[in-house]
Amino acid sequence: MSATADHAEERTSPAVRLGFQPEQVVQEIGYDDDVDQELRESIEEVIGSDLVDEDYDDVADAVVLWFRDEDGDLTDALVDATTYIEEGGSILLLTPKTGRTGYVEPSDISEAATTAGLSASKSVSVGKDWSGSRLVTPKAAKSKK
């Protein structure tokens, strides 16, 4: 594949833009009938397998967390999500866009991410009704022996 084709895929595939890579294990939390099916399919196409659900009992490379304002405490949801991923892994936090039912204020996302020990990137549009924030777990300091 040429470099030009790679760049074209980055522009067209939201999953590639969001940093998903082939053969990653991606766990999905908060699935409901309102999620963006095109985004889910895009992620599955890039990783080459289905998303694993909340009952997956091994460590994932990344987590997709669909979260709405009425889903409870965002900090708790983020802390719980970090227990499922590798050190240095990422959480794609997906929240409804402004004006949609379940909208979450950006300041609430930032505060919850910081409290959960995550570093947040800027919010990006990932579909008609959803915004995404890529949250990264801190990489463990390498021990020197």
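Mentor: What follows is a look at the salt bridges, pair by pair. This is a predicted model, in which local features need pLDDT of at least 70 and side-chain atom pairs count only at pLDDT 80 or more, while totals for chains, interfaces and linings use all residues. Residues are numbered from 1 along each chain as its sequence is written, and side-chain values use heavy atoms, with hydrogens and water left out.

The structure holds 5 salt bridges, a salt bridge being a side-chain nitrogen of Lys or Arg within 4 Å of a carboxyl oxygen of Asp or Glu. One of them joins the side chains of Asp34 and Arg68 at 2.9 Å, N to O. This pair links distant parts of the chain, 34 residues apart, with Asp34 in the loop between strand 1 (26–29) and helix 3 (37–47) and Arg68 in the loop between strand 2 (60–66) and helix 4 (74–82); helices (H or I, at least four residues) and strands (E, at least two) are DSSP runs, numbered from the N terminus. Arg68 is buried, with a relative accessible area of 5%, whereas Asp34 is partly exposed at 33%, where buried means under 20% relative accessible area, exposed over 50%, and partly exposed in between (1.4 Å probe, protein chains only).

Arg68 also forms a salt bridge with Asp71, the closest N and O atoms being 2.9 Å apart, and Asp71 is partly exposed, with a relative accessible area of 38%.

Another salt bridge is formed by Asp129 and Arg100, with the closest N and O atoms 2.8 Å apart. Asp129 counts as partly exposed at 28% relative accessibility, and Arg100 counts as partly exposed at 32%. Salt bridges that share partners join Asp34, Arg68 and Asp71 into one network.
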